[in-house]
Amino acid sequence: MLRLLYLGLIAVCILPTIPGLLGVVLSAFGYIPPIGLSDFSLSGFSHVFRWNGVWQSIGLTMYSAIISSYLACLITFAILQSCWNTTWWRKIETLLSPLLAMPHVAFAIGFAFLFAPTGIGVRTIYQSFGYDLSSQNVNEMALLVKDPDALGLIVMLALKEVPFLLLMSIPILQQLKVAQIEKVSHALGYNNSQVWCKVIFPQWFTRLRFPMLAIIAYSVSVVDIALIIGPTNPPTFAVLVWQWFNDPDLSLLPRAAAGAVVLFIIASLLIAFVQTLEWVVLKGFKHWQYSGRSGLTLPGKSLFSLLTILAFIMLPLMILWSFALRWRFPDLVPSQFSTRFWQYEWQSIVNTFGQSMSIAVICATLSLLLALIAHEYRQRYRIHIPGYIIAIPMLIPQLSVLFGMQIATLYIKSDVYSFWVCWAHVFFAFPYVYLSLDGPWRSYDQGLTRVALSLGKSPLHAWFKVKLPLLLPAVTFAWAVGVSVSLAQYLPTLILGAGRISTITTEAVALSSGHDRRITAIYAISQALLPLLFFSLAMLLNHTHGKYRRLSIKGLLTHESLSRKPRHP
Amino acid sequence: MSLCLENLVIRKKNGDILLTDFNLTVYKGEIVTLMGPSGCGKSTLLDTIAGHLSQEFTYSGTISLEQNQMDQLPAHLRQVGILFQDDLLFPHLTIWENLAFALPDTIKGNERKITAMEALKHISLSNLANSFPEQISGGQRARIALTRMLLAKPKAALLDEPYSKLDKELRAQFRSLVVEQLKQANIPVLMVTHDKEDIPSGSRCINWPWENDNA
């Protein structure tokens with residue numbers, strides 16, 4: 001039975017990568033029989049590279065992905081260097097959950113409200129320093145929102161990925177035994193900053209490889225965030241490809257598919273770059289690690305305070321906007337308030353909310369069941385799918401696989417949109433749920449199950465009465481991760497739903513490009529609160545299972561793996 | 001050159017006293033052993049001297065080295081070497097790089113490698129220079145950890161049950177190497193252990209409960 005279920009899992013969550021990639025590659029070469037294109041050609045690629053500004057777009061994508069990811073890495077290291085094993089660290093751990101639960105889209109909208117040319121940041125500067133904005137062109141003020149150099153996108157992505165990297169660093173640093181390293185290095189005459197730079201950084205950075213690859217792949221392929229705060233002329237390459245996919249002229253689909261293949265190549269190149277850079281810094285030029293007592297003291301506490309303040313300003317700011325009837329620039333607060341926009345949008349929100357919740361709950365539950373099957377199978381049978389294969393959906397650009405999956409659906413039955421959307425959500429949520437459970441499942445003492453079996457209980461009884469209760473907090477947390485990942489899906493919902501399925505995320509992104517901040521704020525609040533709701537539920541369950549909590553948290557934190565953190569591909 | 005502890009009192013945060021009014025002087029070239037059962041505060045005393053006392057404890061009294069008070073000095077400026085139960089070699093550095101890491105900053109560039117290689121030759125482990133710690137035996141790692149500690153030129157050394165993780169045969173060999181090397185370094189050495197066999201012959205030993213030592 002377990003073997004059969006495992007085969008089902010492979011069919012649903014692993015194999016679709018093949019038709020996904022194959023479909024997009026064939027389409028890139030002009031072979032799309034369902035729309036009457038059956039001759040192979042390179043015209044798709046030539047269209048891509050003939051596009052005005054394509055190289056600038058590719059350059060923007062590569063540099064914004066690299067800079068934002070390494071900036072996030074640097075900020076994370078600064079915070080760890082200053083705060084690990086101090087009283088600050090306890091505060092950071094408490095704040096990590098709400099920071100992680102905030103979806104990228106809601107964060108981006110909040111970021112735009114803060115830093116847009118007429119955002120609260122500029123208003124505050126005006127009110128505090130009386131800076132005369134009338135001498136500036138509004139576009140010149142767009143330093144961090146839709147700016148041509150993607151600075152806003154870089155800063156936003158960097159800030160949003162810091163909590164994820166911090167969470168990833170917890171098991172890494174626990175394995176490294178930082179306290180002992182500090183003791184022995186102090187005895188050798190190194191101060192704390194020097195110990196972190198010379199001894200801990202090389203070991204931490206090596207182990208952070210997979211999270212770094214995941215955030216780089218995400219930064220390369222992100223569409224929703226780039227639509228909200230990224231550059232527009234040209235946009236980042238993923239957005240450009242997405243625009244090509246939306247071209248009403250179907251004969252141009254090979255161009256979009258070729259773009260998706262190029263995006264995949266860019267992501268692969270950047271992954272190779274990350275590996276090379278890591279080798280150069282840590283192995284190729286190793287001399288700095290033993291050359292003597294030097295090291296940078298980074299302002300980690302200030303950086304974390306800044307990140308937290310920004311994140312916690314966003315929600316009240318969005319709430320303020322959602323009730324603003326009249327908020328003229330450069331006023332700091334609205335001059336008139338109204339519930340009108342909530343009333344207008346309420347019915348629509350309730351419907352979208354319901355649809356989002358149903359899809360998320362169904363997909364998270366399915367992903368959880370599949371992850372449980374995968375872990376149980378891995379523990380019983382030696383031959384199983386390795387973790388890095390399961391993690392592939394996290395490392396390849398969504399656009400590069402979704403189009404092929406959509407083509408595949410055309411051959412089966414294309415009009416069951418809800419089914420295909422749910423399938424795509426499960427496909428992308430499953431790796432996160434699986435990896436969230438990896439640590440707890442590995443740390444579970446199999447001896448407990450053997451004891452139950454030796455007492456005459458059936459394997460199923462032992463699983464439900466011994467193993468599951470012990471791992472229940474981790475299971476609920478993984479489920480919340482699945483819900484959160486599903487809620488954040490933008491491209492899978494649009495592509496496989498063919499625009500017929502709307503969720504809070506698709507609505508929030510669509511509205512963010514409009515001009516009514518009040519409506520955008522309402523959807524952004526909803527998008528931010530939904531995952532928080534599920535994480536709170538999971539935490540509540542964890543709390544009520546206090547006696548098991550220690551084991552499950554230990555399991556979650558001590559294993560080096562992708563975490564319980566939902567990233568939002 | 002001596003390590004002096006005067007009127008040292010170590011308390012837990014809840015007020016319980018771990019060590020009361022303890023006085024001890026360890027002279028240059030001398031190895032003093034403090035014996036005591038598990039949990040009596042041996043390692044906490046060493047942490048206090050090295051500047052690593054955890055926040056669960058507080059202390060009063062004076063710790064001085066070469067008549068300079070160390071109480072206010074951060075751990076990395078105390079110049080007190082420590083040898084732990086575990087070798088704590090850095091796994092990402094090769095053996096010679098581990099040694100080069102400890103060298104004073106006055107030694108620069110390629111000199112660091114040359115000095116590290118000489119130190120390895122001195123303990124007859126030159127062939128392991130490019131190995132990583134995980135590739136060598138426990139006994140070899142212990143010798144390298146000792147050499148690394150001494151290469152940093154400490155003005156005193158603390159040994160926290162340094163032989164407890166070695167097997168019986170290795171333990172005997174390593175004990176004589178430690179004593180020989182520390183005598184050569186001619187610095188005050190304070191060792192804590194619960195194994196009588198660890199006490200170097202002819203050296204001073206203070207048994208639990210530790211009496212004040214005014215020698």
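Student: What should I know about the numbering and the model before I start?
Tutor: Residues count from 1 along each chain as its sequence is written, while chains are lettered from A and ligands numbered from 1 in the order in which they are written. The model is predicted, and local features need pLDDT of at least 70, side-chain atom pairs count only at pLDDT 80 or more, and totals for chains, interfaces and linings use all residues.

Student: How many helices and strands does chain A have?
Tutor: Chain A has 26 helices and four strands. Both are DSSP runs numbered from the N terminus: helices are H or I with at least four residues, strands are E with at least two.

Student: And how compact is chain A?
Tutor: Its radius of gyration is 24 Å, close to the 25 Å from the globule rule for 569 residues, so chain A is as compact as a globular protein of that length. The radius is taken over C-alpha atoms, and the rule is 2.2 Å times the number of residues to the power 0.38. The C-alpha trace of chain A spans about 75 × 65 × 55 Å along its principal axes.

Student: What share of chain A is buried?
Tutor: Buried residues are 49% of the 569. A residue is buried if 20 or more other C-beta atoms lie within 10 Å of its own, exposed if 12 or fewer, and partly exposed in between, with C-beta atoms placed from the backbone.

Student: Let's look at helices. At what angle do α11 and α14 of chain A pack?
Tutor: Helix α11 (residues 209-221) and helix α14 (residues 253-284) of chain A pack at about 145°, with axes 10 Å apart. Axes are lines fitted to C-alpha atoms, for helices over the stretch in contact, and angles run from 0 to 180 degrees between N-to-C directions.

Student: Which residues meet there?
Tutor: From α11(A), they include A:M212, A:L213 and A:I216; from α14(A), they include A:L263, A:I266 and A:L270. Contact is counted when C-beta atoms, placed from the backbone, lie within 7 Å. The residues of this contact divide into eleven nonpolar, one polar and two charged. Here Ala, Val, Leu, Ile, Met, Phe, Trp, Tyr, Cys and Pro count as nonpolar, Asp, Glu, Lys and Arg as charged, and the others, Gly among them, as polar.

Student: New topic: how many residues does each chain give to the contact between A and B?
Tutor: Chain A gives 17 residues and chain B gives 21. On the side of chain A, the largest share, five residues, comes from α9(A). That side has seven nonpolar, eight polar and two charged residues.

Student: What is chain B made of?
Tutor: Chain B has five helices and nine strands. Its radius of gyration is 17 Å, close to the 17 Å that the globule rule gives for 215 residues, so chain B is as compact as a globular protein of that length. Buried residues make up 40% of chain B.

Student: In what order do the strands of its open sheet come?
Tutor: The four strands are ordered β2-β1-β4-β5 in chain B, with antiparallel pairing. Two strands pair if DSSP finds at least two bridges between them. The edge strands are β2 (17-27) and β5 (68-69), each pairing on one side only.

Student: How many bridges join β1 to β4?
Tutor: Eight bridges join β1 (residues 2-12) to β4 (residues 57-65) in chain B. One of the pairs is B:C4 with B:S64.

Student: And β1 with β2?
Tutor: Seven bridges join β1(B) to β2(B), which run antiparallel. B:L8 has B:F22 as its bridge partner. The two strands form a hairpin with four residues between them, and B:G15 in the turn has a positive phi of about 100°.

Note on methods. Contact = placed C-beta atoms within 7 Å.
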